[in-house]
Every structure is written in C-alpha cells, then in structure tokens.
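Reader: I am new to this structure and would like a close look at a single part of it. Please take one stretch of one chain and go through it step by step.

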Amino acid sequence: MTALLSVQNLSVSFTTYGRTAEVLKAVSLDVPQGAQVALVGESGSGKSVTMKAIMGLLPQPPARIHAGKIMFDGRDLLTLPERERVALRGTAMSMVFQDPMSSLNPVWTIQDQLSTILKYADRRLGRDRDRKGRRARVLDVLTQVRMREPERVAASYPIILSGGMRQRVLIAMALLSEPRLLIADEPGTALDVTTQAQILKLLRDLVEAQGLALLMITHNLGVVRETSNTVYVMNKGEIVESGPTDRIFAAPQQQYTRDLIAAVPRLTGRVTT
Amino acid sequence: MEFLAFLVRRLLWSLLVLFGLSVVIFTIARVVPGDPARMALGPRASVEQVADLQSSLGLNKPLTQQYVLFIGGLARGDLGRSLLTEQSVNDDIRETFPATLELVLTTIFIAFLFGVPLGVAAARWKDKWPDNLVRAIAIVAAVMPTFFIALLLQVLAGYVLQILPTTGRLPSGTAFNANITGLLLIDGTLKGRFDVVFEAARHLLLPATALALATMGQIARITRASMIDVSRQDYIEAARAFGIPTWVRLFKYQLRPAFVPPLTILGLEFASLIGGAFVVELIFSCPGMAAYGIRAITQKDLNAIMGVVMISGVFFVLVNLIIDLLVGIVDPRIRIRGRRA
Amino acid sequence: MSEVQALSNSYQNWYRFSRNPTAVIGLVIVVLCVLAAIFAPHITPYPDHVGAVVDFRNRHQPPSAAHWFGTDNVGRDIFTRVIFGFRVSLSLAFVVLIIAVPLGTLMGLLAGYFGGWTEIIIMRLTDVALALPPLIMALAVAAVLEPSLMNAMLAIASLWWTWHTRLIYSIVRQIRAQEYIEAAETLGASKVHILLREILPNCASAIAVKTSLDAGFVILIGASLSFLGLGIQPPTPDLGTMVATGASFLPDYWWESLLPGTAILFVALGFNLLGDGLRDLFDVEDVR
C-alpha cells in the first residue's frame, strides 16, 4: 500500500548574503495511512524546513527546492499548480502549530478565526455551508478537543485563554476540514509538562479515533516514545536512521542516534562522579 | 474594566499636560518679555498708556497671582481680551477655529484614505516595483515642505489648469451661516444646502491635499512597516497554512493588528499637523485660526497668542485621547490588558 | 557549495547598506550638499551675488546657460544664492541638533535608568513639549523675544530634544530589563560606568538614525519659519525667504520660487533617505 505522504530525495538549499548552503540533503520519509510518524532532530537539523517544504510554506527565495518529490496521495506536490496546492492546505493536509501564544490572531475571537478558515476551506472543497453551519462545526471541533465550555471559548479572544486551551484551539483549527494528514510541530513544547502530556494524549486519541495519519516534528525523545510507531532521525539535513520506535530505542544503529538517546537524563542507573 | 482604568489614566495625563502647557504659555507670554504692555503698544505709546494697559492686564501684581488669574480664566473658558481688537479672544477663536478644524479633519481623512492602502500594497509586494514606487512617493511626500507643495498646487490647479479655487472657504458672496457646528461640510448637509457642501469641498481640496501629503507619506510608511512586522508573526503564517486567500488575509487578518502604529503616529504627528495648517491657511487665505494667530504674533497681541497656543494644545490632547480610545477598539489586547502593548 | 560562515559585522553592514540604492543616494546627496555648502565661494559662478549686489538689467531671467537657476527680482544668480542658502540651512540644523541630541539623550538616559521621580518629571515635561506645535511655538517665542531666525531655531531646539528623550528612554527601559545590566550592577560597577559603557553604545545606532532623519525635518522647519518671514536679514540668501519673495512672482517667474523650494526638498530628501537606509541597516524599530 502506498504511503499517504511520501517524501523522496528532497534537497533544499538556502541563499543568504550571497552565500548558499544545503539545508536538506536527499531527505526521504514515508507516512502511511493511519500511522504515527515522528521526525526527530536537534535545532538546526532541518526538520522545520522539511515540514515547511511539505506544507508548501517555504519562501523561495531564499530557499530553493532543487531535487526530489513530495508525493501526497499519489501526486507530486512540487509539480502541482499553485491553486491545487493551496486547495490541499488546511483541508487534506493540516498543521498544528507550535507556539500557542503567537499562532492565534490576537485581534479576532476564536469563533471568528475558525469560521473564516472554515469558510474558505469549504469554498476550496466546493462545500456549501452557511454561517450557522460553520458555527456549529466550530463548536463541534472545540468539543472534540475536550474544551469544557466550547461556547465561551469560541466567543473569547486568545489573550484570555490559557496556554493549554490555546494549544487545543490550534488542534481544533487543524481538524476543521477533516484532514487526512496532521502535521504537528513540536506540540506542547511551549507548555508545562503536565499540560503537554494532556495535549499529547489528546492528539493520540484523536488520531486513533479518526484514523488520521500523524507526522510529529520534535526534538523531544520522550514525546516520540509516547506517540509514534515509526521514527526518522535527522541530523544536519540528512536522515541518519529510521525504523519502528521500539527498535530504534532498543537497538540504535547509528552513533548519532545513540548519542541522542543517551543525552536524555534518566532517573535510574548509577550516578557518575 | 482595565480599559476604563486605562482611559481614566489617560484623562489624568491630559489634564497634567494641559496644566504644564498653561505654565509654559504663561511663561512665554508674561515672564519672558520684559514688558508685555510696552511690547503690545509699541515704542511710540506714551508712558501713561503703557501704565494703563499694565494695570488693566494686572501686570503689576506678583507673577503667581497673575498665573492664578490666568488659570481661573482658563477654567472658566475665558482667554482674556485681545490687546489689540479689544474683543474677547474667546469669540475671535470661536469664529476662526471651525475653519481650521474642518481643514485638519479633512486632511486626516485624506491622509488615511490614501496612506493606508498604499502601505498595505507596498507590504504585499515588498521589494517589487509597487513597493518601491510607494516608498518613493511616501518619502518625497514626507519631506515635502508644506509651504512648497501648497504653492505648487496653487499654481498648478489654480492658475495653470484653472480647475480649483485657490482662496477662501466659499466663493465670495455666498450667503450661508454655518451656525450648527461651524463645519461647512456638515452644516451644509444638515441644512440641505448641497451647493454649499460642493463648493466647500472644492475649496477644501487643495489646502487639505497640501497638508495631507506629509502625513500621508508617514502613514504609508508606518503602515507598510507595521504590516511587514505583522506578516512575520506566526499567526499570519498559520493563516497562509490554512489557505486563507491573500486579500482576505491582508485586509482582515493583517491590517487590524497592524493598524495601531499608524494611529499612534497620527497622535504624535498632530502637533506638526497643526503647525502645517497655519502655513496652508496663510497661503490659501483660509479664514482660520492661523491668520488670526499670525496677526497676533506679528502684532504681539499676547493674550491672543496665548489663546491660540492654548487651543492648539487642547486640540492635541483631545485628539490623542480619541486615538487612545480608538486603539482600544482596534486591538483587544490593549483593551483587555489596559495598557499600550 | 560552502557552509554559511559567520561574516564580520562591518562586512555585513556595508554589504547591506550598499545594496540599498536609496540609502546610497541619500548618502551621496548629503555629502554633496555639505561639500557644496563648505566650498560655496569656490564652486558658484557668482559668489558676490550673496552680497548687496543688484543688476537690474538681468532681473527675472529664466534659467539659461549663464544662470542655471535664472535670476531673481534684482538680478542675482539664483543658483549661487541657493548654494549659499545651504550654508544657512545646514548650520541652523547643526545648531539645533547639537543642542537637542545630547540634551535629549542625557535626559532619556536619566529618565530610563533612574526611574522614580526623575523619570516622572522628565517624561511629563516631554509630554508637554510634544503637545506644542513646533512651528507655532517658534513663532510665538520669536515674537516675544527679538524676531530672528536664531531665536526661532533655539525655540525649536528647546522642543526638539524631547523626541530624543522619548526614544532613548524606551531603549534604555528595554535594555534595563535585560540581565547584563543587573550583572554589572551586582559586580559593583558605578552608575556612570553603566550608563556610558553598557547602555549608551546600544543606543548609538538609534541615535544615528534619528539624528539623520531629524536633520531633514529641522531643515524643513527652518525653511518654513523663514518662509513665514522670520528669515535671515537680507541680503544673505536663505532658502525659505527666497521661496517667499519668489512666490509673489508666480506663475510667470516660477523659477524664483520653485527652484529654491526644490533645493530644500532635495537636501531634506537626502537626509531622510540616509536615515532610512541606516534604519534598515541597523534594523532599529520605533525611530521616526
């Protein structure tokens, strides 16, 4: 069965101040239907660039995708006309943004923002929904992300919501048009550990309940263990190792992977002096 | 609730500023000149005339007492008597201020009407030709000496092309009494005299454009900068990630958060705007506060000078208060947190 | 393909500045005007026309090869007078800024660093000063003192420093919030040391940008004041006065008014472009 998302040999370069650097070197990864995949790496490893390339959010210039394919549902996104690419965004392929503080528009209410997104998504999908229908759908997704008072949240401005609530709103935003692939960018890193755990559990439950494919971008190995079946390890723009989560953690093949795992502080084991 | 506290604080600030203004103005008018009465009457007046004026102005009393009288007068809204015309400065200003007010309001309207869309367009096509064009226009507009553009417009439109009038507010001989607000555009509409509204608009066009140019340039640049700043925010990238069409994104999502800096700039620039209005009124012979003020200055009519400067200051403070209110409406963060971001 | 290395600051700065065409244009204009003003007697065709010279046969001549900007109502070469007029404009701007910038910076530093009553008093003072229209204040002050351009410009200076104070104040507050100031204080550095060594250098770029922009605006205000009649005593040429006297001959002898006006625009534009270029370069916000 072909994967829902298949990145093949993607290479991207960046040019600034007249100098060029390769930030992605022949990156390949697959996200099958219904799977939960993690892309792990330190800051600067290129995982954000990969994510943006998939979503089509890389500014070109200064970036340049000069090799490779991004296959979604059997079609190469890089060769699609702009209109079709845009049509996919927020509908079949949706992103959960990283920073709940800054990813919500501060001057509009939640209801307003989500309805607007829905309105234009519907238009792209050719769906006809009136304002009442949109309101209902917004409340629906807010309920799905386990908001206790969806109406109150919908009528609020982002500034009065807590970090955890805002993150849920971001997830709700991604679910609006029933996507098939969810890309989560460092979910919960801006939150405290307890809230982050709740968010991760929510994500997992949603994915299992709705059969979504989840691609999680993270630098946190603990998160990876919790949430994914497959891991891709990235370093300096290349995929250095990949495989089932259990296998990677139990028997890492590459030195880099071993170092990454070893860097996580543990509560057991001997104390070295 | 926070916002109310914010407004109250701004109100107190305004009062403080007005107080400070009165001190400065008083200092300039009474303390600085050696002998205000002598100044007003000129070197040929006799000693008795000067002494007379001195006592009628209360110049013999100690300074602090004079100041108290001054403040008392202000509180009552009495700006004293013009040293020359013997009329109440209040009346003089009440006659002439509406023309200036109308000019300034029209100017702000024009400046925003053109400045904001230009700024949005420049930000949208950043570094491409529309951006460069807008920036070029904005820069030249911002450094254009107001008197120069006023002269240019007068020559071009008035003499060369002969399409717009170059002096006054209405054609001479028009019978119309603007006694509701003093603003021709509004009073004319209210009274159904659309011929007056039309003529008033024609007469306003050149002076308001000349005055608006500099502010428009500033607003265009600040809107552009602000829109670019906002475009770097995550929530704009999120909007793009969710496929919101470009123009909706620009005017709905980006413009509102970006709108506060242009408003704030207007508040700061307003003092220069008033000064510019003086120049423009002079060149276009508008019967506004400027002509009155300039006459007062050349003839050293101290009470009138004080009155004009005081009213300008009050105008400035009021406009800034209104802007604070508007900022709160535009940006809920300020409304809720109760302070300027 | 190479790795991205760290580039030196000055290389980066010059690279970015020189890639910005308007900034370079601004720099060129400013340098041109300053040099022209300094070397005026040597580069103008009729240097004596700035004195009490009249040549009635040549009055109101349009621009020509002999007189690039034409002649005025008493026959003097306008181009020469414009170049000398730059001297007046630039020196006045210099006077105003040499007072306003250091004073404003000092007040901003004090208000921002010491806070408390110092801050309150200084900032309220600036609020009051900002509420007064500079042009009107200058006229009023000139009216009660001796009506001279210098007095008017001093009045401007007495209001202008407040802009710098506000700017420096906001920068200092931002810097104060950062920890290295606390660190310096804990280490026992004297307040003067902190102000001069830690805080001031961080304001340098903002000061440079604002001063450059200010120069343009001060020149404009000076021109407006002399246009309104507060100019230098004749026969010394002064751009604003030239526009004013020339205005009475519009539209027939347009060059007498419009060319000096364009010159004012030109020099103000130069400073503005330069200031903008510096602002883009240093990526300084909040400087107007």
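**A loop and its surroundings in chain B**

Author: The loop between helix H5 (89-124) and helix H6 (129-143) of chain B holds B:Asp127. The model is a predicted one. The phi of B:Asp127 is near 70 degrees, which is positive although the residue is not glycine. Most residues other than glycine have a negative phi. B:Asp127 has 9 other C-beta atoms within 10 Å, and a residue with 12 or fewer counts as exposed, so B:Asp127 is exposed.

Another loop of chain B, between H12 and H13, contains B:Ser285. B:Ser285 is not a glycine either, and its phi is positive at about 50 degrees. With 13 other C-beta atoms within 10 Å, B:Ser285 is partly exposed.

On the H12(B) side the contact is made by B:Ala277, B:Phe278, B:Glu281 and B:Leu282, and on the H13(B) side by B:Ala290, B:Ala291, B:Gly293 and B:Ile294. Sorted by class, the residues in this contact are 6 nonpolar, 1 polar and 1 charged.

Chain B also touches chain C: 38 residues of chain B are in contact with 36 residues of chain C. On the chain C side, the residues divide into 28 nonpolar, 5 polar and 3 charged.

Methods: Residues numbered from 1 in each chain as written. Chains lettered and ligands numbered in written order. Predicted model: local features only at pLDDT ≥ 70, side-chain atom pairs only at ≥ 80, totals over all residues. Contact = placed C-beta atoms within 7 Å. Nonpolar A, V, L, I, M, F, W, Y, C, P; charged D, E, K, R; others polar. Helix = DSSP H or I, 4+ residues; strand = E, 2+ residues; numbered from the N terminus. Buried ≥ 20, exposed ≤ 12 C-beta atoms within 10 Å, placed from the backbone.
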